[in-house]
Amino acid sequence: MSTLPAILISGLGAVSAAGAGINETLKTFSEGKRLISSFPSAFETSLDCPVMEVKDFSAEPSKTIAMAKVACEEALVEAKSPREKGNLKIGVVVGTTVGCMFQSLDFYKDYKKGTAPDSGVIKKYLRSDPAKWLKNHFHFEGPFLTVTTACASGANAIGIGSEWIKAGLCDMVLAGGTDELDLIPYTGFNSLMLLSKSPCKPFDKNRNGLNLGEGAGFVVLESFKSAQARGFKSDLFLAGYGTATDAWHLTGPHPEGLYLERAIHKAFQAAGISALEIGYVNAHGTSTPENDKTEGKVLKKLFSHSGISSTKGFTGHTLGAAGGLEAVFSALALRHEFIPPNAGFEEEDPEIGFSPVTESRSFSGTYVLSTSLGFGGVNAALIVGKNP
Amino acid sequence: MTLYIQGIGIVFSGGCGIKALESTLEKGLIRPSSFSLPQRGIDNKKVLRVDPSLLLGYGHEKKLRRAHPINCMALIAAEEALKEANLPLTGDTDTGVLLATGLGSHKATFEYQDSLLTYGEKEASPTQFSHSVHNSSMSYLTQHLNLHGPALTISNFCHSFENALLLAYAWIFQGACSKVLLGVSEEFGDVLGYILNGLQIGEKDFIPGEGAVFFLLSADKGNACCALDPFVSSPLSLKDSVLYAGINPGVFPSEIKGEFLTTYGKYFGWMMTQNAFMTALGALMLEKQKKYPLPCEQENADGPKSFNQKQLLIGTSHLDESFSFIRLYTT
């Protein structure tokens with residue numbers, strides 16, 4: 001790049017079944033160990049679909065917010081900014097699905113029975129906008145926003161954060177995604193026949209569905225000017241963001257992935273690079289037959305030269321958190337020059353036509369890409385770059 | 001940078017389209033329906049609901065057969081905004097879409113829970129689940145209008161509309177798209193009625209509502225009806241009329257009380273994103289230079305009066321006791 005990067009990534013934070021924090025996550029990826037529970041511990045269910053949980057975690061004010069708080073704290077420590085805000089205008093953008101929906105089945109059961117439901121559940125819900133909660137918790141003065149584009153929410157949150165900075169609305173933005181496991185999406189994804197009864201196998205010929213997970217992944221985005229003013233240097237920057245819409249189906253992706261490809265090209269355009277400069281792709285790779293077929297076609301077409309893997313074999317599909325977590329994993333891959341393995345993959349699917357990276361291995365490159373696809377036809381692509 | 005409103009589309013209890021809004025405002029008449037939950041001791045409470053028959057006749061009946069009213073209201077309001085702007089956008093990739101919603105598709109969520117309780121976890125309804133996702137209205141909207149640009153759903157309870165405006169500004173400012181179709185969609189249902197009754201928010205004559213309103217925004221003046229500024233940090237410096245949206249005007253700074261603090265919100269009923277509806281009303285007042293009568297449940301003899309204003313503030317008091325302002329001004 002001939003010009004200085006406009007948006008630095010000043011901090012990273014992650015909480016998922018792959019680990020509480022960056023160091024644990026890196027260890028999990030290097031050991032290739034998967035932590036899968038046969039059934040969720042947070043709620044009772046008659047279904048027997050495995051999940052990937054974040055254990056021993058507070059549920060106050062909600063697990064969605066509690067995980068986000070820990071991931072944000074980790075990112076802010078790396079960014080060396082939280083307690084020295086000065087005149088910095090710091091915004092918060094959160095991607096979530098469960099985190100903005102009122103889904104208390106106990107409340108509804110009581111309502112249906114005619115008994116008095118616990119009104120405290122409502123009050124708690126109305127206080128649990130994750131973006132607003134985090135803004136208040138960290139005493140930030142900038143704008144806040146919760147974006148809910150299903151499984152692309154976290155990636156879009158990071159993209160929005162970069163747009164805020166470019167538009168001069170903020171100096172710094174805490175952006176990412178967070179979601180907890182919940183009975184409603186667990187049974188809902190089962191009703192759509194998208195859950196697997198075994199550990200997921202992204203891009204594998206015999207993949208038969210996803211495992212739900214939970215977690216939070218956040219980055220601190222910062223204008224170059226702001227970092228320079230406070231003498232902060234970062235090795236990473238957000239090179240590009242693109243989003244495009246299928247306008248196709250309520251839950252299924254466009255079969256040819258046309259608008260995923262468009263989102264990727266928009267991210268290239270923003271970054272001023274081509275596909276050839278991408279060293280690693282952290283794919284959405286949910287392990288559902290349709291997602292992986294559609295996404296696989298696009299990735300094969302554009303990135304036959306790059307290492308590709310989905311990290312959902314370690315985290316499960318964390319819905320609104322996925323794009324945030326995977327942006328963090330992509331940034332870690334670039335920083336540490338390694339590709340996390342695509343856990344669960346065994347056999348190439350001829351309809352996809354490539355095999356992802358199955359053993360953690362090194363790579364060198366300046367750019368990595370993270371892709372996200374969501375219900376409603378939302379596609380998002382983030383490109384992370386490394387400063388020389 | 002200025003955001004210009006090129007077109008407004010609305011679905012509310014008074015009808016569909018900006019002409020229906022104008023007609024309602026000219027008459028100053030609202031006709032609330034009633035809402036009762038006898039087993040809950042809620043009897044004959046007023047609500048401003050959208051007549052489902054209003055949502056027919058747009059030629060979408062087959063494609064929208066599984067859609068919920070919240071999805072249909074969003075689509076029709078968006079179509080009306082495009083029609084008013086005289087800008088067919090089909091197949092467009094340069095127009096962003098932002099849907100703001102305070103509570104999203106809560107009726108589908110409860111209907112999904114019904115299916116879960118009735119048929120069990122293994123037989124719960126996939127249709128209701130997919131419609132319960134906050135992004136479902138956006139999906140219908142982009143499919144039917146064939147829009148492929150950025151399309152996001154924003155949900156920050158009462159702050160949803162103003163936060164979406166901020167993002168529209170950022171998108172247009174840094175060239176992510178040249179136009180943004182931005183709107184809100186909210187629905188009313190029995191469970192929400194029960195919840196609102198229990199929370200005892202607002203005044204005695206609090207009336208909840210439902211509907212959708214969309215704006216086509218751009219940085220080009222074109223034939224804009226008015227301009228919009230979402231960054232009003234110091235309303236006291238502006239000697240404007242204030243249209244009020246929300247439930248508790250007491251949270252506003254005392255200096256701006258009484259200027260023009262009215263109850264126009266009752267044209268639409270209370271919703272988390274009522275300030276979007278008030279923005280539509282304010283835009284119409286500025287464009288027509290008319291001060292419409294306050295809403296009334298009987299024939300209103302007053303009629304509109306002339307209104308010599310170049311700008312208006314839409315002041316919103318939020319459930320969390322914060323307040324915010326959006327400035328509208330003539331072009």
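This briefing describes the fold of chain A and the aromatic pairs of the structure. The model is predicted, so local features need pLDDT of at least 70 and side-chain atom pairs count only at pLDDT 80 or more, while totals for chains, interfaces and linings use all residues. Residues are numbered from 1 along each chain as its sequence is written, chains are lettered from A in the order in which they are written, and side-chain values use heavy atoms, without hydrogens and water.

**Chain A**

- Chain A contains twelve helices and 15 strands, taken as DSSP runs (helices: H or I, at least four residues; strands: E, at least two).
- The C-alpha atoms of chain A fill a box of roughly 65 × 55 × 40 Å along the principal axes.
- Of its 388 residues, 67% count as buried (under 20% relative accessible area, with exposed over 50% and partly exposed in between; 1.4 Å probe, protein chains only).

**Aromatic pairs**

- The whole structure holds 27 aromatic pairs over all chains (Phe, Tyr or Trp rings, the six-membered one for Trp, with centres within 6.5 Å; planes under 30 degrees apart are stacked, over 60 edge-to-face, the rest tilted).
- B:Tyr112 and B:Phe129 form a tilted pair, 5.5 Å centre to centre with 55 degrees between the planes.
- B:Tyr112 lies in helix α3 and B:Phe129 in helix α4 of chain B, so the pair ties together parts 17 residues apart in sequence.
- B:Tyr112 is buried at 0% relative accessible area, and B:Phe129 is buried at 4%.
- The ring centres of B:Phe323 and B:Phe325 are 5.8 Å apart and the planes lie at 75 degrees, so this pair is edge-to-face.
- B:Phe323 is partly exposed at 34%, whereas B:Phe325 is buried at 5%.
- Ring pairs link residues of chains A and B into a cluster, including A:Phe102, A:Tyr111, B:Phe110 and B:Tyr194.
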